[in-house]
Amino acid sequence: MLILAFDTATAWGRFALAEDGVLLASLPHNVSGSYADALLPVVQRLLTQGGRRLDEVDAIGVTCGPGSFTGVRIGLATAKGLAWALGARLLPVSTLAAMAAALLADWPDRDLAVPILDARRDEVFAAVYRRRDGWVEPVAAPAALPAQVWWERVTAVVPAPDAAVWGGNGVALVVGEGPSLRPDLLSRGEPVLRAWTAAHPATAQAIAVAAADPQAGLADVHPFRAVPLYLRASEAEVKRRLDLTPAAPDLARLDDAAVARLVIRPGREADLPLVERIERDSFGDPWPTAALRDELNQDPLRRPLVAEREGRVIGYLMAWRAGDELHVLNLAVAPDERRRGTGTRLLEAALAAAIADGLRLATLEVRIGNAPARSFYVRHGFVESGRRLRYYRDTGEDALIMTRPLAGGRSPGPA
Ligand SMILES: CC(C)(COP(=O)(O)OP(=O)(O)OC[C@H]1O[C@@H](n2cnc3c(N)ncnc32)[C@H](O)[C@@H]1OP(=O)(O)O)[C@@H](O)C(=O)NCCC(=O)NCCS
């Protein structure tokens, strides 16, 4: 298996090509501006150096953040485009995990790595990882933290910091001088990271080599579903959100760490109790338990999705595939979690999967009086295309049929 990997999440670009776990070529490519012009030419140089062609690549590994917003966006978008066009597997990996894996490859006698990146605005992106079967597992999850609290967090989870390996923007240094140095810098309020020499770990090499190792377990993601892991909102996004709601900015929506922790995954029967609770809290005529249980089965017809944060299911979407259409049957988010983007994430995931499977139209019915849901669907490109009179038995309300073309198709006009 030929693997191309690149990391453009920081100014220290890393590119690597490996076959079946053996490194064929690697290139550092540091940029001062953006990777927009440099990325593909560097990939071409790498392939030439390794004696391979792009159409031979079987998998593309890429860092998906955190890091520079532009670097992550360009790297991931390019990887997604290449994977889609080549029919290659896409393996997006957290930048911090890749740094930790690369650091531990250089320090075989260490088991913990503490990768850290300058997140600017007096914050750092940081995490703690432990070595595991050819790759790493998080001991402390990636987070954007004020530089002042970073050291406390690290010492809370790393009992013997001297035994850890550090990498940040990113020198790999064994903490010896380190632990005494870092708190000093922090207490003096100096920007910790500027004191470190710049030498990013060999992230791309670590990904390219681990990708062929089943034990390492790097997961494939469909190119339509891979999303950046920003860990917090960019300044532009914060401004845009504030502009949209100038009178009362919803601060809850700015918590991108919470959004990042939100996982959209296939539903299963074990989710029934929480799904049922949301259903009862959301609808005057909830579906019976048995119907919900049926819809939580994965089969060729049904592909239920749930949104989970920190072990709690906070939303779900149930849909059927009928011919080349996706019928969204049920979508709800726990009342205390609404207007924070969860419904959007669920719907986008269902639509992306439908597009990937070649479906051409998404359709659903919504109560005419359900203004929030109608507004939600309109925002997601659905248009009214018909009406079912007195469709809902409890209130005799009409149902609006709303549809949305998938992948370039056309929505049928109003019935
Ligand atoms: C419809 C529902 C699933 C939306 O989930 P959500 O997580 O709140 O949705 P999001 O946060 O992703 O909302 C995205 C957009 O939808 C629209 N929207 C969502 N709720 C809205 C509301 N109460 N009023 C007006 N617009 C709303 C807005 O355009 C919103 O963007 P904004 O917050 O930037 O203005 C949720 O409101 C819900 O569970 N409702 C009860 C169950 C239901 O009616 N399901 C639909 C059955 S067809």
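Predicted model: local features only at pLDDT ≥ 70, side-chain atom pairs only at ≥ 80, totals over all residues.
Numbering starts from 1 along each chain as its sequence is written.

The chain has 12 helices and 17 strands, taken as DSSP runs numbered from the N terminus (H or I over at least four residues for helices, E over at least two for strands). Among contacts with a separation of 6 or more, 65% are between residues 24 or more positions apart; a contact here is a pair of C-beta atoms, placed from the backbone, within 7 Å.

The largest nonpolar core has 72 residues. Such a core is a set of buried Ala, Val, Leu, Ile, Met, Phe, Trp, Tyr and Cys residues joined through C-beta atoms within 7 Å. A5, I60, A100, A101, I207, A208 and A211 touch the most other members. Helix α3 (residues 95-106) gives the most to this core, nine residues. At least three residues come from each of domain 1 (2-93 + 202-210) and domain 2 (97-195), with bounds from an automatic or database domain assignment.

Leaving aside residues up to four places away in sequence, I207 touches A5, G61, L91, V93 and A98. A second, separate core has 35 residues, including V333, L347, A349 and F382.

## Around the ligand

The ligand is surrounded by 18 residues, the closest being R338, G343, T344, P372 and F376; a residue is near when its C-beta atom, placed from the backbone, lies within 6 Å. Two or more shell residues come from each of β14 (325-333), α11 (342-356) and α12 (371-379), and α12 has the largest share, five.

By type, the shell holds seven nonpolar, seven polar and four charged residues. Here Ala, Val, Leu, Ile, Met, Phe, Trp, Tyr, Cys and Pro are nonpolar, Asp, Glu, Lys and Arg charged, and the others, Gly among them, polar.

G65 and P66 are joined by a cis peptide bond, with omega about 5°. P66 sits in the loop between β4 (59-63) and α2 (69-86).

E310, in the loop between β12 (305-309) and β13 (312-322), has a positive phi near 50° despite not being glycine. E310 is exposed, with 9 other C-beta atoms within 10 Å.

Methods. Contact = placed C-beta atoms within 7 Å. Buried ≥ 20, exposed ≤ 12 C-beta atoms within 10 Å, placed from the backbone.
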